[in-house]
Amino acid sequence: MDSFIGIRFKKETAKRFQQFSRTHFKSLTEAMATMLDFFFYNEISPREKLGPTGRTIEANLKKRINAVIAIMRDMEKTQTKPTVAMIESLFQTEEPKKKPLILEKKFVEEKPKVKFQEKQNHNNEL
C-alpha cells in the first residue's frame with residue numbers, strides 16, 4: 001500500500017480541486033498526477049498563457065468573415081451587377097418598331113364650310 005502525505009491548501013482551493021477531481025478522475029491522487037504529467041510532458045508552465053482561447057479565435061474569425069462578406073457585397077453592387085446588365089442589354093434583341101410608310105401627301109383643296117349664309121328667300125319667310 002502506498003503511503004500518503006498531507007499537503008496544506010487553502011480551504012477554497014482544496015474544495016475547487018476536489019470538485020474538479022470528482023468530475024474528471026477517480027481519485028485526488030490520479031488528478032494531481034495527471035495534471036503534473038501534462039505540464040512536464042508539454043514543457044509548459046501553469047503560469048504562462050497558451051494563446052488565444054476558442055472564443056477569441058471564433059470572434060476573430062467572425063469579424064474576418066463579416067469583412068469578406070462586406071467586400072463581396074460591395075463588389076457585387078459596383079462591378080458585377082452593372083456588368084451583367086450591360087452584357088444582357090447587348091444580347092437582348094427587340095423587334096424593330098413598325099413605322100408607317102411615308103407616302104406622298106396629295107393636297108386637295110377643300111372648300112371651307114360656311115357657317116352663316118344669306119337667306120335665299122327674299123320674302124322674309126322662314
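The model is a predicted one, in which local features need pLDDT of at least 70 and side-chain atom pairs count only at pLDDT 80 or more, while totals for chains, interfaces and linings use all residues. Residues are numbered from 1 along each chain as its sequence is written, and side-chain values use heavy atoms, with hydrogens and water left out.

**The chain as a whole**

Switch to a cartoon view, where the protein chain shows 3 helices and 0 strands, in the order α-α-α from the N terminus on. Helices (H or I, at least four residues) and strands (E, at least two) are DSSP runs, numbered from the N terminus. Of the 126 residues of the protein chain, 3% count as buried, where buried means under 20% relative accessible area, exposed means over 50%, and partly exposed is in between (1.4 Å probe, protein chains only).

**Helix 1**

Select residues 11-24, the 14 residues of helix 1, which reaches 20 Å from its first C-alpha to its last, close to the 20 Å expected at 1.5 Å a residue. The expected span of a helix is 1.5 Å times one less than its number of residues. Is helix 1 largely in the open or largely buried? Of its 14 residues the number buried is 1, so helix 1 lies largely in the open.

Now pick Ser21, which is found in helix 1 and is buried, with a relative accessible area of 2%. Leaving aside residues up to four places away in sequence, Ser21 touches Ser27, Leu28 and Ala31, where contact means heavy atoms within 4.5 Å.

**Two aromatic pairs**

A search of the whole structure finds 2 aromatic pairs. Rings of Phe, Tyr and Trp (its six-membered ring) pair if their centres lie within 6.5 Å, and planes under 30 degrees apart count as stacked, over 60 as edge-to-face and the rest as tilted. Show the side chains of Phe20 and Phe25, which form a tilted pair, with 6.2 Å centre to centre and 55° between the planes; Phe20 counts as partly exposed, at 35% relative accessibility. Then show Phe38 and Phe39, whose ring centres are 5.4 Å apart and whose planes stand at 70°, so the pair is edge-to-face. Phe38 is partly exposed, with a relative accessible area of 41%, and Phe39 is also partly exposed, with a value of 26%.

**Helix 2 and the loop after it**

Helix 2 is followed by Glu43, which lies in the loop between helix 2 and helix 3. Glu43 has a positive phi of about 50° although it is not a glycine. Most residues other than glycine have a negative phi. In a surface view, look for Glu43 on the outside, since at 71% relative accessibility Glu43 counts as exposed.

**Helix 3**

Finish with residues 54-91, the 38 residues of helix 3, which reaches 51 Å from its first C-alpha to its last, close to the 56 Å expected at 1.5 Å a residue. Where does helix 3 bend? The bend, of about 45°, is at Glu76, and the bend at a residue is the angle between axes fitted to the seven residues ending there and the seven starting there.

The structure holds 2 salt bridges, a salt bridge being a side-chain nitrogen of Lys or Arg within 4 Å of a carboxyl oxygen of Asp or Glu. Select Lys62 and Glu58, whose side chains meet in a salt bridge (3.6 Å, N to O); being 4 residues apart in helix 3, Lys62 and Glu58 are separated by about one helical turn. Lys62 is partly exposed, with a relative accessible area of 48%, and Glu58 is partly exposed, with 43%. Last, return to Glu76, whose side chain meets that of Lys81 in a salt bridge (3.7 Å, N to O); Glu76 is partly exposed, with a relative accessible area of 39%.
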